[in-house]
Amino acid sequence: MQREAAAIRESWLGRALSTRPADRPAAEAAISGLYRLIGLPRPRFHWVSSPAKGLATVPPGTRTREDIDRLTEWPVPRRLSALAGTLRHELDARLRPRGRPFDQIVRRTTYLPLQRSVTSTLLPPLNAAHESRVFRRAWYDTLSVAWIAEYDALRRAAGAVFTGEHRRLLALWTAATTSCGWWWPREDTCVVSERPVTLHTEVWGENGEVRPHHADGPAVRYSDGWDLHAWHGRPVPAWVITDPSVRRIADEPNVEVRRCAIEHIGWPAYVDQAGLRLVARAPDPGNPGCELQLYDMRAGTRVLLAVNGSQERDGHRRRYGLTVPAFDDPIAAAGWTYGLSAEHYSLLQRRT
């Protein structure tokens, strides 16, 4: 059953991260069906090319001009989220008692990896598009395929039986979440975004989770040119990917952005280009066969170069740098990163 649930997860992940043009008739029909269920007529649809356009758009003739950063206070998203919540409650009631082994397998194999993948891959562009990063995710979680995929897997892999009405409602939510990008419903109009035209990801979790990453350009790009660069799941300024120079790194105040840029250059190349002075080197007692290198970086700060104790998914071991206080001993610096003295770090069997 776990293998079948994993196959179902991969199918839903492909639908969630599709870069094909939206199926506008299917999306409009499904969204209109959801509107009818909360007592509203079919809205006027206003299609936009990207979430950035969607968040900035108030369609002409709209009666209400809600602030997009107060989305969770809009009446229609609240009512639609409640509609989805009622459906989930009814389905869960049919599946009681939950917590059976196969329920947990499906949740661990399907729902959680999909939710993490959507959160890692499709929410960062929304965060970047919002003028204010302080917003609630409740509506966007409703539009995530993860909860729908879980019930699909429970039905197909675990034999759960749903009523015809429940299947109809799940089909409406499926079409509304997989036929287009994000959408923002008002009482009279609904703004709907196209999907991205480019989406680069990498697998990073044990259950098929993915996150945005592209070393040669935008990880996410929409047809209007709006894009997002990402390094191993971390959204970064474009220069980190296109021009990660020593000067730019020195001027960057964000330590995580600096780390990503240095990793893109490669630590050995960065050390050479930045002219960092080697303070000391020593065999790594926590990682036999590898070496610790301590470099002077800036006033009162040094950088410790080490090799990861565990392998990456492709089999290699990542070389990385850690900013440390002005130690003279690389073993003491390594111990400090673990909250250990040099003596205790030297006694480690192997670090990860």
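How many helices and strands make up the secondary structure of the protein chain? The count comes to 15 helices and 13 strands, where helices (H or I, at least four residues) and strands (E, at least two) are DSSP runs numbered from the N terminus.

A word on the ground rules: this is a predicted model, in which local features need pLDDT of at least 70, side-chain atom pairs count only at pLDDT 80 or more, and totals for chains, interfaces and linings use all residues. Residues are numbered from 1 along each chain as its sequence is written, and side-chain values use heavy atoms, with hydrogens and water left out.

## Overall layout

Along its principal axes, the C-alpha trace of the protein chain spans about 70 × 50 × 30 Å. The chain is divided into domain 1 (1-195) and domain 2 (266-347), with bounds that come from an automatic or database domain assignment. Between the C-alpha centres of domain 1 and domain 2 there are 45 Å. Of the 352 residues in the protein chain, 49% are buried; buried means under 20% relative accessible area, exposed over 50%, and partly exposed in between (1.4 Å probe, protein chains only).

## Aromatic pairs and a charge over a ring

The whole structure holds eight aromatic pairs. Rings of Phe, Tyr and Trp (its six-membered ring) pair if their centres lie within 6.5 Å; planes under 30 degrees apart count as stacked, over 60 as edge-to-face and the rest as tilted. Two of these pairs are set out here.

| Pair | Ring centres | Planes | Class |
|---|---|---|---|
| Trp147 and Trp173 | 5.9 Å apart | 70° | edge-to-face |
| Tyr151 and Phe162 | 6.3 Å apart | 75° | edge-to-face |

Trp147 belongs to helix α8 (residues 146-156) and Trp173 to helix α9, so their pair ties together parts that are 26 residues apart in sequence. Both Trp147 and Trp173 are buried. The pair of Tyr151 and Phe162 also links distant parts of the chain, with Tyr151 in helix α8 and Phe162 eleven residues away in the loop between α8 and α9. Tyr151 and Phe162 are buried too.

Which residue lies over the face of Trp12? That is Arg15, at 4.6 Å from the ring centre. A charge sits over a ring if NZ of Lys or CZ of Arg is within 6 Å of the ring centre and within 35 degrees of the ring normal.

## Cavities and a pocket

On a 1 Å grid over the protein atoms alone, a cavity is a set of points where a 1.4 Å probe fits but cannot get out, and a pocket is an open set with protein on both sides within 12 Å along at least five of seven lines; lining residues have an atom within 4 Å of a point. Grid points are joined across faces, edges and corners, and a volume is the space filled by probe spheres set on the points.

By class, the lining of the largest cavity has twelve nonpolar, five polar and three charged residues. Here Ala, Val, Leu, Ile, Met, Phe, Trp, Tyr, Cys and Pro count as nonpolar, Asp, Glu, Lys and Arg as charged, and the others, Gly among them, as polar.

Now for the second largest pocket, with a volume of about 170 Å³. Val255, Arg259, Gly321, Leu322 and Thr323 are the closest to its centre among the 13 residues that line it. Two or more lining residues come from each of α12 (255-265), β11 (291-298), β12 (301-307) and β13 (319-324), with α12 giving the most, five residues. The lining of the second largest pocket divides into six nonpolar, three polar and four charged residues.

## A few single residues

His232 is found in the loop between β8 (227-231) and β9 (234-236). Phi of His232 is near 50°, a positive value in a residue other than glycine. With a relative accessible area of 31%, His232 is partly exposed.

Arg234 is found in strand β9 and is partly exposed, at 28% relative accessible area.

From Leu276 to Ser346 the distance is 26 Å, C-alpha to C-alpha, and the two are 70 residues apart in sequence.
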